[in-house]
Amino acid sequence: MAIVPNAHVVQVIRCINALESAIALPGEEIMKVGFIGLGNMGLPMAANLIRAGNEVVVYNRTPAKAQPLVSQGARHVSSVADACRGEV
């Protein structure tokens, strides 16, 4: 019997692959990225961008969910508008 991943898993894998191609290598320009929503997809995607050395601003309806990213170097903002002031 073949195991077929559900559509959500496939979408997460596609997003991770897209983020890997956006990772800044030494000498490359650092992106300023605003992230809105830190659920099952947003939190790991934002964490990957932080680890890659990008400047990440995060917003989530429940501010406590942003704390793990803030401890990794993200900046938490209190509104969607503030999160949208990045380059991406």
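Helices (H or I, at least four residues) and strands (E, at least two) are taken here as DSSP runs, numbered from the N terminus. On that basis the chain reads α-β-α-β-α-β-α along its sequence, which comes to four helices and three strands. This is a predicted model, in which local features need pLDDT of at least 70 and side-chain atom pairs count only at pLDDT 80 or more, while totals for chains, interfaces and linings use all residues. Residues are numbered from 1 along each chain as its sequence is written, and side-chain values use heavy atoms, with hydrogens and water left out.

**Chain totals**

- Of the 88 residues of the chain, 28% count as buried, where buried means under 20% relative accessible area, exposed over 50%, and partly exposed in between, with a 1.4 Å probe and protein chains only.
- Among the contacts (heavy atoms within 4.5 Å) between residues at least 6 apart in sequence, 44% join residues at least 24 apart.

**The sheet and its helix**

- Three strands form an open sheet in the order β1-β2-β3, with parallel pairing; two strands are taken to pair if DSSP finds at least two bridges between them.
- β1 (32–36) and β3 (75–76) stand at the edges with a single partner strand each, so one side of each of these strands has no neighbour in the sheet.
- Helix α2 packs on this sheet, where it touches β1 and β2, and its direction makes about 165° with that of β1; axes are lines fitted to C-alpha atoms, for helices over the stretch in contact, and angles run from 0 to 180 degrees between N-to-C directions.
- The parallel pair β1 and β2 is joined by five bridges, whereas two bridges join β2 to β3, which also run parallel.
- Together, β1, α2 and β2 make a right-handed β-α-β unit, a crossover being right-handed if, with the strands pointing away from the viewer, the path from the first strand over the helix to the second runs clockwise.

- In α2 (residues 42–51), the buried residues are G42, M45, A46, A47, L49 and I50.
- After α2 comes G53, whose phi is positive, near 95°.

**The nonpolar core and V58**

- The largest nonpolar core has 14 residues, and those with the most contacts inside it are F35, L38, A46, V56, V58, L69 and A74; such a core is a set of buried Ala, Val, Leu, Ile, Met, Phe, Trp, Tyr and Cys residues joined through side-chain atoms within 4.5 Å.
- The elements that give two or more residues to this core are β1, α2 and β2, and α2 gives the most, with five residues.
- V58 lies in strand β2 and counts as buried because its relative accessibility is 0%.
- The bridge partner of V58 in β3 is H76, and, towards another part of the chain, V58 and G34 are 5.8 Å apart in space, C-alpha to C-alpha, although 24 residues apart in sequence.
- Not counting residues up to four places away in sequence, V58 touches F35, L38, A46, A66, L69, A74, R75, H76 and V77.

- Y59 counts as buried because its relative accessibility is 17%.
- Y59 and A81 are 22 residues apart in sequence and 9.3 Å apart in space, C-alpha to C-alpha.
- With residues up to four places away in sequence left out, Y59 touches F35, I36, G37, L38, V77, S78, S79, V80 and A83.

**N60 and its polar contacts**

- N60 is placed in the loop between β2 (55–59) and α3 (67–72), and N60 counts as buried because its relative accessibility is 11%.
- A polar atom of the N60 side chain lies 2.8 Å from the backbone nitrogen of L38, and the side chain of N60 also reaches the backbone oxygen of T62 at 3.1 Å.
- A polar contact is a pair of N or O atoms within 3.5 Å; within protein, one must be able to donate a hydrogen and the other to accept it, and residues adjacent in sequence count only if both atoms are side-chain atoms.
- Beyond its neighbours within four places in sequence, N60 is in contact with G37, L38, K65 and H76.
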